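I wanted to look up some helix packing and a chain contact today.

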Amino acid sequence: MQKKLAASFLLVTFLCTAVAVAVPRLQPDPMWSAALVVCCDLAIGLGGAWLVSWLVVRRIKQLATAASLISNGDLTLAVDIEGTDETADLARSFSTMLVNLLNVLIEVESGAAQIYSSALTLSRTSEEVNAATAGIAEATQAIARGADAQADDVSRTSALTRDLTGSADRVAEAATTVQEAAEEASLRANTGAAAARRAAEGIVDLKNAVDASADAVEGFQVRAEEIGKIVTFIVSLAEQTHLLAINATIEASRAGDEARGFAVVAEEVRRLADHVRGFADQIGSVTDEIRGGSHVLARSIRESVNAAGAARDLVERAAASFDGVLDATRGTTDRSHAIARSVDEQRRLARQVDEALERIVRIARDNARGTEETSTATSGQTASMHALSAAAHELARTSDQMKSLIGTFRLRN
Amino acid sequence: MDLLYFQLGGGAYAIALEAIADVAPAGPIYPVPLSPPAVLGLAERRGRPIAVIDLPSLLDDPKATVRGAGHLMRLAGPLAGAAFLVPAAVLSGTGTPARSGHVSIEGRLHVLLDAEALVKRAAAFN
C-alpha cells in the first residue's frame, strides 16, 4: 500500500510538474497559464486523491461488508485475500479469524447439542435415580420396620425358647420323679409279688382247712339228722305215753274211788310225758336250728371254698400282674433315663438356640439401625438427586439457550 | 269233775271223762255212702268198727278244723260205737262248773260238750 501511495504521489507530482511546464508553453498569457496550471494541478490532485482513497478504501469496504455480514451472524462468506498489501494481510487475518470463529462456533454448537442431550439424559437419569432412590428409601424403611419386627419376633421366639428350656427343666424334674416313682413301684411290685405268692400259698392252706371244716360240718349235719330222728322217736314215745296216761286216767275214773291213786299216778305219767314232749320239742327246735345253722354253715363253707379258689386265682393273677408291673416299671425306668438324657440334650440345644436368637436380635437391631442410616443417607441422596435434576434442567435450558444463540449464526450454506 | 279238754279253732272245749271210753290215734277212715255229712266214715278200733264223727262240723266255729291225723275220742256206754275226731293235743284235768254250758279248768273257761247231744245232732244233720 505504501508503494502504491508513493507511486500515486509521484505520479501526481509528475503530472503536476508536467502541467506546470507544459501549460506556460502552450498558454502564453501568464494569467491564463497560471489559471490553467492551477486547475490542471487541482484536477490531478483530486484525481490522485481519489485514486489513493480508492486503493485504500476498496479492500476496507470489502472487510466492512464482511464484518457487517458477520455481525448479522453470517459466517459463510468468503473474504478476498488476494494481494500483498496491508489490506490483503488484513483480509487474510480477517478470513483466518472468520474461519477460526466459524470452527469454534461449529464446535460450540456441537458441544451445546451434546450438552443438551447429555443434560436431558442426565435429567432423565437423575429422575430415574430419584424414583429408584424413593423406592430404595421405601424399601429401606420397610426393611427397617421388618428388621424391628424380626427383632421383636426373635425376642418373642427367644422368650419362648427360654420357656421351652423351663419346660424342659420341668420335664426333666418330672422324668426324675417318674424314675423315682418307677423305682419305688418296682420295689413295691417286688414286695407285692412276694406277698401275693405268700398269699396264694396261704389261700391254699386256708382252702385245705376250710375243706376239712366243710367235711366236719357235713359230718355234724349227719349227726344232727340222727339227733332229729331220735327226737322224733322220743316225741312219738311221749305222745304215746301221753295217750296211755289219758286212757289210764279214763280207766281209773271208771274204776271209782279205789283207783283214785292210780288216776293220780296216771296224771303224773301224763305230765311227765308232756314234759318229755316239751323237752323233746325243745331238743327238736335246737336240733333244727343246729341243722339249719350247719346247713348254712356248710353252704357258707362251700362258698368260702369256692371264694378261696377264686381268691387264689385272683392272687395268682395279681402276682402275674405284679410281674407285668415289674416289667413295665423296668421299661418306665429305661424310658425315664432316655427322657432325662433327651431333655438334657434339648436343654443344651435350647440354650444354643437362645444364644443364636440373641445374636440374631443384635444383628436385626444393627440392621435396623443401619437401615435407618441408609434411609437417612438415601433421603440425603434424594435431595442431592433433586438438586442434580434441577441442575440438569438448568443445564439443558442453558444449552438450549446456547443453541438458540448459536442458531443466530449462519455457519453453513 | 274230771274232764278231757282241747283247743279247736278259736275255742276251748271240754268233755266229761266218764263219757269217753278211750283216746287213740286216728287210723284209716273209710267213707260210708249215704251217711250224714258229719259222719266221716268208719274206723277200726280193737277189731270193732266205729263211726267217726267230724266234731268241727258240729261246732259253730268256721275256723274249727282238725290239723294232722288227729285222735279218735271213742265214746263210752251206749255211744261206744261212735268216736269224735279231735286234735291230737288232748289233755286230762279237773274242772269246776261255771256258767251254763261252761267249765273252768285252771282258771280258763271251756265249752262243756254234751256227747249224746252231739251224736244225735250228727245223726240228724243233713
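My entries on the helices and the chain contact follow.

Entry 1, ground rules. I am working with a predicted model, in which local features need pLDDT of at least 70 and side-chain atom pairs count only at pLDDT 80 or more, while totals for chains, interfaces and linings use all residues. Residues are numbered from 1 along each chain as its sequence is written, and chains are lettered from A and ligands numbered from 1 in the order in which they are written.

I looked up helices α1 (residues 2–26) and α2 (residues 30–71) of chain A, whose axes come within 9 Å and cross at roughly 165 degrees. Helices here are DSSP runs of H or I, at least four residues, numbered from the N terminus; axes are lines fitted to C-alpha atoms over the stretch in contact, with angles from 0 to 180 degrees between N-to-C directions. That crossing makes α1(A) roughly antiparallel to α2(A) (angles over 145 degrees count as such).

Among the contacting residues I noted A:Leu11 and A:Val19 in α1(A), and A:Leu36 and A:Gly48 in α2(A); contact puts C-beta atoms, placed from the backbone, within 7 Å. The residues of this contact divide into 16 nonpolar, 4 polar and 2 charged. Nonpolar covers Ala, Val, Leu, Ile, Met, Phe, Trp, Tyr, Cys and Pro, charged covers Asp, Glu, Lys and Arg, and the others, Gly among them, are polar.

I found 8 residues from chain A and 10 residues from chain B in the contact. On the chain A side, α3(A) gives the most, with 6 residues. By class, I listed 3 nonpolar, 3 polar and 2 charged residues on that side.

Conventions
Helices (H or I, at least four residues) and strands (E, at least two) are DSSP runs, numbered from the N terminus. Angles under 35 degrees count as roughly parallel, over 145 as roughly antiparallel, 65 to 115 as roughly perpendicular and the rest as oblique. Two residues are in contact if their C-beta atoms, placed from the backbone, lie within 7 Å.
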